[in-house]
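Open the structure in your viewer and keep the selection tool at hand. The stops below say what to select next and what is there.

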Amino acid sequence: MTTKIPVTIEGNLTGDPEHGASESGSEYARFTVAVNDRRLNETTNTWEDAGTVFHRVVVFNQQSRHVADSLRKGDSVIVAGDLRFGTYVDKESGQTRETRDVVADNVGASLKFADVSVDRAPKATSPAADASGPVATPVSYTGAGVAR
């Protein structure tokens, strides 16, 4: 059984994304995002780290290629998707274990502390993503009359 909860997280990649394909041919990228919690210490009036939470993230299809090609360890990212909880049986111990993963709908580089250059990819993949479509000359330009 799985439960889905919509989430948006902002943090830093702990390593380069792992890119691969499933047995069915679906592409994926996996990576971990560290989210640091900072709090104001009212006694010293300074910001202090209050802990780090690590989130495993998976993204699919064309976006997985973009993630693997564009992001590296340490990059600041924003991830929007569903937090999914699941269970599985550990093969070695036979114990039931729980999992928590973010299945990303959208992954982007955070612009909070960095500049980013965008290299746009065509939305269509075939037959000709850059084709302008059919071209027709209006009848009024051709000199042909309309017969009634």
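Exposed means over 50% relative accessible area, buried under 20%, and partly exposed in between (1.4 Å probe, protein chains only). Helices (H or I, at least four residues) and strands (E, at least two) are DSSP runs, numbered from the N terminus. The model is predicted: local features need pLDDT of at least 70, side-chain atom pairs count only at pLDDT 80 or more, and totals for chains, interfaces and linings use all residues. Residues are numbered from 1 along each chain as its sequence is written, and side-chain values use heavy atoms, with hydrogens and water left out.

Now select Gln-63, Ser-64, Val-67 and Ala-68, the buried residues of helix 1 (residues 61-70). Looking down the helix axis, they fall within an arc of 135 degrees, so they line one face of the helix; the arc is that of the directions from the axis to the C-beta atoms. Their cover includes strand 2 (18-21), strand 3, strand 4 and strand 6, where contact means heavy atoms within 4.5 Å.

Next, select strand 3 (residues 27-41) and strand 4 (residues 46-60), which run antiparallel and are joined by 13 bridges. Two strands pair if DSSP finds at least two bridges between them. Thr-32 is opposite Arg-56 of strand 4. In the hairpin, 4 residues lie between the strands, and Asn-45 has a positive phi near 55 degrees.
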